[in-house]
Amino acid sequence: MMRSSRVGSSTSKKMTSDGQDQGSEERNQQAEKIAENWRRVVERVHAAAERAGREPAEVAIVAVSKTHSAADALAVLKAGARDLGENYVQEMVEKREELEARGAPPVRWHFIGHLQRNKVKYLTPFCAMIHAVDSERLAVEIDRRASEQGRRQAVLVEVNVSGEASKFGVAPEAVTSLVEVLEGLEWVELRGLMTMAPYSEDSEASRPIYRRLRQLAEKLRASGAPSKVLSELSMGMTQDFEVAIEEGATLVRIGTAIFGPRT
Ligand SMILES: Cc1ncc(COP(=O)(O)O)c(C=O)c1O
């Protein structure tokens with residue numbers, strides 16, 4: 001089942017003064033709010049890139065639509081977003097179908113959550129990027145399913161930079177050996193690294209984590225990893241995406257600042 005929308009899912013038929021039913025007016029307001037939030041996030045991303053002496057086009061914004069309705073996702077696509085991020089396979093597959101049925105613009109789908117091996121087969125037909133590969137067994141399953149599809153699957157290795165026990169991801173010391181495994185897989189295309197910073201009200205607390213991820217990628221590149229790999233750094237969320245961009249993020253994953261709080 002789809003998770004229900006927070007706002008705008010009212011089916012009330014009460015009429016407003018201009019004759020629209022109240023539900024559709026709420027939906028329009030919600031869509032406008034999302035479009036406005038999107039524009040503000042784009043401006044902030046551009047400003048952060050410029051401050052860091054980077055090209056704004058180097059940073060893609062993944063709008064994290066997890067728990068938000070297809071209507072909300074459509075609103076951000078209409079405002080110009082092209083990358084959507086989801087944490088749950090079923091939700092992603094259902095939202096994709098619903099968006100296609102509504103004639104939505106093309107989407108690059110990013111799977112940003114922890115992925116179980118038995119769900120990989122649902123993603124390999126269409127997923128633009130799997131962000132959180134953290135084991136050889138998962139990588140091998142992605143390779144197997146991608147080869148069945150005849151479609152190479154772009155992935156990132158999730159690194160648990162902070163060392164928090166609650167976080168998924170490989171330890172920084174284990175990244176090199178997982179990267180070596182990935183490079184040997186024909187149907188898996190390693191594009192870079194991903195991390196989550198511990199939650200903090202202070203965005204500066206994330207800076208050492210993001211810097212460490214960039215340094216890890218630089219070290220891997222210097223040690224001879226093929227040049228096409230490891231160019232992507234997926235880091236930064238609503239709370240700290242500007243800091244992440246200053247530290248080299250190429251993919252920021254932003255939910256709350258675009259769609260509002262998750263329920
Ligand atoms: C892996 C990951 N990245 C990014 C986000 C987006 O977080 P925020 O709403 O703080 O922008 C989420 C939200 O659940 C997430 O799980």
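**View 1. The end of helix α7 and the residue that follows.** Gly 224, whose phi is positive, near 100°, follows α7. This is a predicted model, in which local features need pLDDT of at least 70 and side-chain atom pairs count only at pLDDT 80 or more, while totals for chains, interfaces and linings use all residues. Residues are numbered from 1 along each chain as its sequence is written. Helices (H or I, at least four residues) and strands (E, at least two) are DSSP runs, numbered from the N terminus.

**View 2. The length and faces of helix α7.** Buried residues (20 or more other C-beta atoms, placed from the backbone, within 10 Å of their own; exposed, 12 or fewer; partly exposed, in between) of α7 are Ile 209, Tyr 210, Leu 213, Leu 216, Ala 217 and Leu 220. Seen down the axis, they fall within an arc of 115° (taken from the directions from the helix axis to the C-beta atoms), so they line one face of the helix. On the other side of α7, Glu 218 and Ala 222 are exposed.

**View 3. The surroundings of Ile 130.** Leaving aside neighbours within four places in sequence, Ile 130 is in contact (C-beta atoms, placed from the backbone, within 7 Å) with Phe 111, Leu 115, Leu 123, Ile 142, Gln 153 and Val 155.

Note on methods
Contact = placed C-beta atoms within 7 Å.
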